Amino acid sequence: MSTAKGPLKGRAARLGRLMPSGPSSAARTPFVLLVVVLLGGGLISLLLLNSALNQGSFQLNELKDRTTELTDEEQALQRDVDDYAAPDALERRARELGMVPGGSPAFLGPDGKVLGEPSRAAAPKPTPTPVPTPPQAPAAVNPAGPDPARTVPAATPAQSAPAGAPAAPPTPTTSGR
């Protein structure tokens with residue numbers, strides 16, 4: 001096969017007229033524009049994607065913080081419910097409402113027979129309230145100190161309650177709330 005450098009004939013001549021024979025900058029310009037547009041569009045889409053991910057990240061952090069706050073609040077409310085449901089707290093509130101402990105209960109068996117001896121709930125005797133003493137005129141100041149014969153010791157809760165009466169429950173305290 002020989003390659004001739006002469007003029008083209010026939011079909012090759014017709015194809016040769018369709019294609020430019022010299023270097024042309026007109027064919028290169030659309031390709032460069034296409035590459036620049038694709039790169040610019042890719043960069044813009046990456047920027048938009050990155051900003052959308054950052055916005056989602058901020059929302060996620062806010063929701064996590066809110067969840068933590070709500071969990072803390074739920075735990076505090078659960079502690080309050082547990083405090084109110086404690087047996088001693090229920091007994092104290094029942095006594096404040098004037099309720100008294102019940103007597104021995106009676107039960108009905110499946111055959112309708114009464115099991116046990118029922119008894120009536122008895123109200124405990126009210127504790128006597130101390131009567132305040134009337135104010136006295138101030139005595140002359142004794143430079144030797146107070147007279148031990150005239151000093152009256154303060155009554156303690158155990159002395160002021162009648163024998164057999166239950167002691168008053170201590171008042172609940174809250175710490176840190």
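Visitor: What should I know about the model and its numbering before I read any feature?

Guide: The model is predicted, so local features need pLDDT of at least 70 and side-chain atom pairs count only at pLDDT 80 or more, whereas totals for chains, interfaces and linings use all residues. Residues are numbered from 1 along each chain as its sequence is written, and side-chain values use heavy atoms, with hydrogens and water left out.

Visitor: Which elements make up the chain, and in what order do they run from the N terminus?

Guide: Helices (H or I, at least four residues) and strands (E, at least two) are DSSP runs, numbered from the N terminus. Here the chain has four helices and two strands, and the order from the N terminus on is α-α-α-β-β-α.

Visitor: Where in the chain is confidence highest, and where is it lowest?

Guide: The quantity to read is pLDDT, the predictor's confidence in each residue, from 0 to 100. For the chain the mean pLDDT is 77, with 66% of its residues at 70 or more. Helix α2 has the highest confidence, at a mean of 95, while helix α4 (residues 157-160) has the lowest, at 47. Residues 155-162 have pLDDT below 50, and beyond near neighbours in sequence this stretch has three contacts in the model, a contact meaning heavy atoms within 4.5 Å.

Visitor: What share of the residues counts as buried, and how many residues does the chain have?

Guide: Buried means under 20% relative accessible area, exposed over 50%, and partly exposed in between (1.4 Å probe, protein chains only). By that rule, 2% of the 177 residues of the chain are buried. Among contacts between residues at least 6 apart in sequence, 26% join residues at least 24 apart.

Visitor: How is the surface described, and which residues form a nonpolar patch on it?

Guide: Accessible areas come from the Shrake-Rupley method with a 1.4 Å probe, and for residues only the protein chains shown count as cover. The accessible surface of this chain is about 16,800 Å², and carbon and sulfur atoms account for 64% of that. Patches are made of residues with over 30% relative accessible area and no salt bridge, where like charges are joined within 9 Å and nonpolar side chains (Val, Leu, Ile, Met, Phe, Trp, Tyr) within 5 Å. The nonpolar patch here consists of F31, V32, V35, V36 and L39, which together have about 470 Å² of accessible area. One of these residues, V32, is found in helix α2 (residues 28-85), and V32 counts as partly exposed because its relative accessibility is 43%.

Visitor: Is M99 buried or exposed, and where is M99 found?

Guide: M99 is found in the loop between α3 (87-96) and β1 (107-108), and at 52% relative accessibility M99 counts as exposed. The C-alpha atoms of M99 and A121 are separated by 9.6 Å, the two residues being 22 residues apart along the chain.

Visitor: How many salt bridges does the structure hold, and which side chains meet in helix α2?

Guide: Side chains of opposite charge can pair when their charged atoms come close. The cut-off for a salt bridge is a side-chain nitrogen of Lys or Arg within 4 Å of a carboxyl oxygen of Asp or Glu, and the structure holds three of them. In helix α2, R66 and E69 lie three residues apart, about one turn of the helix, and their side chains meet in a salt bridge (3.6 Å, N to O). R66 is partly exposed at 45% relative accessibility, as is E69 at 48%.

Visitor: Which residues pair in helix α3?

Guide: E91 and R95, four residues apart in helix α3, meet in a salt bridge (3.2 Å, N to O). E91 is partly exposed, with a relative accessible area of 43%, and R95 is partly exposed at 36%. E96 also forms a salt bridge with R92, with the closest N and O atoms 3.6 Å apart; because E96 and R92 are four residues apart in helix α3, about one helical turn separates them. E96 counts as exposed at 58% relative accessibility, whereas R92 is partly exposed at 27%.
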